[in-house]
Amino acid sequence: MVPGVPGAVLTLCLWLAASSGCLAAGPGAAAARRLDESLSAGSVQRARCASRCLSLQITRISAFFQHFQNNGSLVWCQNHKQCSKCLEPCKESGDLRKHQCQSFCEPLFPKKSYECLTSCEFLKYILLVKQGDCPAPEKASGFAAACVESCEVDNECSGVKKCCSNGCGHTCQVPKTLYKGVPLKPRKELRFTELQSGQLEVKWSSKFNISIEPVIYVVQRRWNYGIHPSEDDATHWQTVAQTTDERVQLTDIRPSRWYQFRVAAVNVHGTRGFTAPSKHFRSSKDPSAPPAPANLRLANSTVNSDGSVTVTIVWDLPEEPDIPVHHYKVFWSWMVSSKSLVPTKKKRRKTTDGFQNSVILEKLQPDCDYVVELQAITYWGQTRLKSAKVSLHFTSTHATNNKEQLVKTRKGGIQTQLPFQRRRPTRPLEVGAPFYQDGQLQVKVYWKKTEDPTVNRYHVRWFPEACAHNRTTGSEASSGMTHENYIILQDLSFSCKYKVTVQPIRPKSHSKAEAVFFTTPPCSALKGKSHKPVGCLGEAGSHLKHRHPHHYKPSPERY
């Protein structure tokens, strides 16, 4: 049995509240703090729920453990038939207030769900009702005594205040007996030990507690990237463990991050809150180089009027590297024979920002075999860290056979890529890669021609639904008419999400319109892609104009 393991450090990370957004300074900081409070409150209430389950089994648990306040009690509960049923709703990170407990518990425990149901109802109650008792109505004074209905539930009141009756209305009031039966906060000094196994052990000590009910510790952390610690750039507080022990071992500590921790002592009655944020901790290990870019592939091709070819190469961004990618280096060259490449010194190269997952290569020669190499770069202080290179082989013309392209890493991994060929829409509408030409941001939309012989025109309508620069107000929808199965949209704004609808025109009946969405890149992503300067007007670009259909005469050189 677990308690019998001598010197074992027993830690049970029952549930996590993943929240990775960054706190922003300025007007958004207050909203971020409210979000932190909301996430923390949910973790505390689930700990109260778990404490109740342990309280119900305290007699059985005491028989197994000489010292009850040991994390083995949570392990025991998790493996005990009745206690585990009680514990199940306490793990639920969703909002049980919107669901019936019966629909949650009965599928999990079809025969006997009583323990689960009562635990679920308790959790729903404490999610709605804050700890503490309302003062007597006659004790209200000032605004709290006003005959108004300023609240309906506790959650509408800030901080620890509850929605209480004052005899002729309901107002937010400070409760009495707020901390009755609630354990004291742990001491604020937290101790960190990096273990040889790579884990981080976080320890704390408790003040003397007279709590009869089991005390559960909620451990939270936040972190920021960088050479220096920063609370302004830190993530929201994340719950990483709930334990009855006064220590926790964490396995997912990453180099290059500055961590802070805090701990709250919780029992069935509630908590006195979290300790002050700890001193910053950073692993002594050096960060790893970024992983090699994944899924390198061709996304789009354009044959230009001068015969040259423009292609768009895309890849998948890494999920969570030790350090964010600073930029990508792209190299490309062509094969002069089936066995030899152009010398390295004649390779062309360019860089793209680390948050970008695509690059446009221009002025490629037609009917040539090309190889493209991609590498991710990060910086740790003055040290540059490079990923392994990945490569893509393709032919800059329409494929005429079933020869597969190969995407290779330098470590020998190979994945297949479909032949490079003229794109044929597999969905009702397809959108090409946005491009900048004639001082305008443009994009090509194309579709399958209808088999109805009476249809010889298509009505196209597009407009920005949302823009990063929030300048969609007053932007009218644009429209055009075409006889072809594609259209080039012009005068688009940067950093906007567009909706496009295409409707076939029938002489005597109404046709169903198809819709597609696409997002335009930020202006900065197009800087340097043409010899002419790109004017970035606050990332807004030029305003959309309603153009006469003849302005959208299909361009035969773009496919």
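Predicted model: local features only at pLDDT ≥ 70, side-chain atom pairs only at ≥ 80, totals over all residues.

Me: Why is Gly354 called buried?
Reply: The relative accessibility of Gly354 is 11%. Buried means under 20%, and Gly354 therefore counts as buried. Gly354 is located in the loop between β13 (348-353) and β14 (358-364).

Me: What makes up the surroundings of Gly354, leaving aside its neighbours within four places in sequence?
Reply: Gly354 is in contact with Leu317, Val325, His326, His327 and Tyr328, when neighbours within four places in sequence are left aside. Val325 is 29 residues from Gly354 in sequence, yet the C-alpha to C-alpha distance between the two is 4.8 Å.

Me: Why is Lys91 called partly exposed?
Reply: Lys91 has a relative accessibility of 22%. Lys91 belongs to helix α4. Its C-alpha atom is 9.0 Å from that of Ala47, a residue 44 places away in sequence.

Me: Why are α4 and α6 described as roughly parallel?
Reply: The two helices pack at an angle of about 30 degrees, and their axes are 8 Å apart. Angles under 35 degrees count as roughly parallel, and α4 and α6 are therefore roughly parallel to each other. Their crossing is right-handed.

Me: Which residues make the contact between α4 and α6, and how do they divide by type?
Reply: From α4 come Gln82, Lys85, Cys86, Pro89 and Cys90, and from α6 come Glu115, Cys116, Ser119, Cys120 and Leu123. They divide into six nonpolar, two polar and two charged residues.

Me: Which residues touch the most other members of the largest nonpolar core?
Reply: That core has 23 residues, and those touching the most other members are Cys53, Cys77, Leu87, Cys90, Ile216 and Val266. Two or more residues each are given by α1 (28-56), α3 (72-79), α4 (81-91), α6 (114-128), β5 (216-225) and β8 (257-267). The largest share, six residues, comes from α1. A second, separate core has 22 residues, including Val443, Val445, Trp447 and Cys467.

Me: What does Val266 touch, not counting residues up to four places away in sequence?
Reply: With those residues not counted, Val266 touches Val44, Ala47, Arg48, Pro183, Pro214, Val215, Ile216, Val218 and Thr271.

Me: What makes the phi of Lys363 worth a remark?
Reply: Most residues other than glycine have a negative phi. Lys363 is not a glycine, but its phi is positive, at about 60 degrees. Lys363 lies in strand β14.

Me: How do you know that Asp491 is buried, and where does it lie?
Reply: The relative accessible area of Asp491 is 4%. The cut-off for buried is under 20%, so Asp491 is buried. Asp491 is placed in the loop between β25 (486-489) and β26 (496-504). Asp491 also has a positive phi, of about 55 degrees, although it is not a glycine.

Terms used: Residues numbered from 1 in each chain as written. Heavy atoms only, no water. Core = buried A, V, L, I, M, F, W, Y, C linked by side-chain atoms within 4.5 Å. Buried < 20%, exposed > 50% of the residue type's maximum accessible area, 1.4 Å probe, protein only. Helix = DSSP H or I, 4+ residues; strand = E, 2+ residues; numbered from the N terminus. Contact = heavy atoms within 4.5 Å. Axes fitted to C-alpha atoms, helices over the stretch in contact; angles between N-to-C directions. Parallel < 35°, antiparallel > 145°, perpendicular 65-115°, else oblique. Left-handed = near helix turned anticlockwise from the far one by under 90°. Nonpolar A, V, L, I, M, F, W, Y, C, P; charged D, E, K, R; others polar.
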